[in-house]
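My entries follow in the order in which I worked.

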Amino acid sequence: MLKVSEIRLDYLKQAIGVTQVPQFGWILESDKRNVRQGAYQLEIGANQSFNDLLYDSGFVQSEESAHVFLEGFPLESARKYFVRVKVQSQAGEMSEWSKPAVFVSALLSNTEWRVSFISAETKEDAGSSKGTYVRKEFTVKDNVKEAYAFTTALGLYQFYLNGKKVGTDEMSPGWTSYKKRLLYQTYEVTKLLKAGENAMGASLGAGWYKGVMGFTGDRNHYGGQTAFLGQIHIRYEDGTCEIIGSDETWKGADGPILFSEIYDGEIYDARLEQAGWNTPGFHEVAWRAVGIVDYKKEILAAQPGTTVKEIEPVAAKRIFVTPKGDTVIDFGQNMTGWIHFKVKGQAGDKAVLHCFEVLDSVGNVYLDNLRGAKETLDFTCKGGEEEYHPSFTFQGFQFAKIIAWPGEPKPENFTAYAVHSDMEPTGTFHCSNKDINQLQHNILWGLKGNFLDIPTDCPQRNERLGWTGDAQIFCRTASYLMNTYTFFSKWLKDVAADQTPAGGVPHIVPDILSGKTGKDRLTDQGTHSAAAWADVAVINPWTLYLTFGDKKIIKDQYKSMKAWIDFMQSHSADGIWNYKLQFGDWVALDAEEGSYFGATPNDLTCTAYYAYSTGLFARMAKYIGNIKDYETYQVLYEQIKAGFRKHFFDEKGNMTANTQTAHVIALYFNLVPEEYRKKTVEALVKLIEKENGHLVTGFVGTPYICHALSQNGHIHEAYDLLLKDDFPSWLYQVKKGATTVWEHWDGLKPDGTMWSPDMNSFNHYAYGAIGEWLYRVVAGFEIDEEKPGYKHSIIHPHFGGGLSYVKAGYQSVFGNLSVYWQSNGPDTVLNVTVPHNTTASIILDGAKDMKQADGLEFEKTMDGMKASAGSGSYRIEFTR
């Protein structure tokens, strides 16, 4: 039976806070094979019974079940819309109507704001990171039909109506380039209002806006006062509308949060709580008038989804005493978030926890790698049984040292929560090697730990910044693991916003380094435009295009991408690009003693990325129909490639830089002359053999080293690299008990000592980019860039590594794509599921004898066998 199982709105299950009609997509289910959509009908209604129909497409003859745009639908502000779809297959089978999906509009124009930013702080509070309250009572008439709140803050906030927190978001409004883009959140609040007296309020904290941020130790990057902005639209059954919100009539007060910052944690005194402060009838004794903070409303933008939430509880595994006598809680998982605890004490008793990542070699508390971050929760009891978790901070930790606690702490008193942007899990990978499974686990938890509104480098020390290079090299892996479209498209807008006028891309986004000269060696040498880092402006939109088949991201980021390419061109000479401070092959093991900079020359890495990004941009220009730019930048790409070959290959075809990374990126970026390809990959293999079969690559070379091998006939050597479990290797960390990916190959050295504490994160996803190779090569989920988003999949598993099975799945925009291969010597079984309304090519390297094709027609190739498949599930048996 044909069925529409799910509707997506801008790739989300529901979009709350849109300012334009979302693009629609849906997933088909059927018990048949080779199902292709022939037509669809889409309706939008004002209610879920669709008896108040606002739009009816009629039957549209189209195969599109993703990227469906409506032209001319009259969206209105502060409205809820219901969408349903039914389809007809090309074979004529008709589905029933789908279950409705929902989207809610925000304010379509910033001229609709009727309220002000209000603050309980003054300019004299610029050095304070206390928490404050603001509140207001108001009257609601009978017969509310619907009501929506639009809220944001300078700083962090939690919004309340009649004593209840609105929504489940945390760390709102997130971190953007606040002076250029400030997001607001949209909430339906119909059920929280009541006829008669009501109260609304907000709790505010310093957050990224005014707290200390960055390794320069500066605060007030964006301003010196926290402030709240809120506007509620109430629509009554009689058709009238009322707008209520933040203005000078509100009152403010200090709250029980005495201090809260991103790095240092939170100090909370429960004795200062004001019961009922956010309910009607509260007596505002000693509350003060709020002040108006002038802030441009033109920069406000709605956030439709992927807000930060508490995602996953992790119970305390044990409480133990270290050799030095410290009492420590172990949650068994390095993570990002905070700790909920239950405590019973007298008024004035303290509960103080100091969070940290790892124990030292003898089992004692290790804090040095936190640098200046205190990561401390300091709670003062009001008396009796109490529960607490912080509001405006987060920690990176597996352990917590109990500094103070009334009575005897027990594991059941403590539950940690993973806190990160709310993204749908999309990828699963499991195989017969338990160490690889643990590596996959570590990669996933590295994402969870560093995708808290922005892609950060690390969650624990006094950094936690949006390093562009880390985000670039991990983007493809992340996009297998989670639905990253909304997360990355939101952040890429800040990449564009923070670009220099000439097109340079900052090292970190949001950019809080520029203009801080004299504070740090980095800020003095250059704060933007490092190869591999700045190329996030091009590579990440390309990855989203491939993963989701989405051309809108290309159009949205086009100006930013083009500006970056033009910046590189303007600073190149004879086809070679280089510029100020470069990180190169960051933390590669072939660096000189005491240096973080790998041995691969900057001219080479810069020019390789210059070529790669230019080539990708040219292709994207073609895919959106900008043929003039395609032709212009394709010519530029060929010129850069020729310059690269001229400068970095000698007359005998040897690379002039004898490093693993030089060979890796030349191969993966397709910069090697075809006549030298075999020689180049053989040279790479020899360089690996020189290191006893190990890699010594850093941030630039590591993501691509296994690809460079497997794409060039050396799958065995690629598997060997993956399976190494001594230093340096991915599995070395696993053998050392890691539950996330480390910043350094030897963050914890074989002799038990630590890497230098100035830069030694144990939750740093960059080297987790090997996850892409697991999904893309080992499982075999490859994308056809001419039919992206897995509209046509290339299923090309690579057998080897001693694996007896691999089971993997990916939830694409069209549905679940899955592979389950089993190998017993030469006998191999491959189970494949292809989503409906898509097709696939199945490539079997080394296949010799087909025992069962399950209706597919395989043809022999130079390397094995190949078949084309329509949608459905197949079981294929063959020998290799």
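Before sorting any lining by class, I noted that Ala, Val, Leu, Ile, Met, Phe, Trp, Tyr, Cys and Pro count as nonpolar, Asp, Glu, Lys and Arg as charged, and the others, Gly among them, as polar. The model is predicted, with local features needing pLDDT of at least 70 and side-chain atom pairs counting only at pLDDT 80 or more, while totals for chains, interfaces and linings use all residues. Residues are numbered from 1 along each chain as its sequence is written, and side-chain values use heavy atoms, with hydrogens and water left out.

**Cavities.** I took a cavity as a set of points, on a 1 Å grid over the protein atoms alone, where a 1.4 Å probe fits but cannot get out, with lining residues having an atom within 4 Å of a point. Grid points are joined across faces, edges and corners, and a volume is the space filled by probe spheres set on the points. I found three cavities of 30 Å³ or more.

The second largest cavity holds about 40 Å³, and I listed Y157, Q158, F159, K165, V166, D169, S172 and Y187 as its lining. That lining has four nonpolar, two polar and two charged residues, and strand β12 (residues 156-161) gives the most to it, three residues. Strands here are DSSP runs (E, at least two residues) and helices likewise (H or I, at least four), numbered from the N terminus.

For the largest cavity I read about 170 Å³ and 19 lining residues, of which R8, Y11, F548, S812 and V813 lie nearest its centre. Both β3 (24-29) and β41 (805-812) give two or more residues to this lining, and β3 has the largest share with four. By class I noted eight nonpolar, eight polar and three charged residues.

**Pocket.** A pocket is an open set with protein on both sides within 12 Å along at least five of seven lines. The largest pocket has a volume of about 1,100 Å³, and of its 42 lining residues Y668, H707, Q711, R776 and E782 are the closest to its centre. The most, five residues, come from α8.

**Helix pair.** Which residues of α8 meet α10? I found L604, T605, A608 and Y612 of α8 in contact (heavy atoms within 4.5 Å) with A662, I665 and Y668 of α10. The residues of this contact divide into six nonpolar, one polar and no charged.
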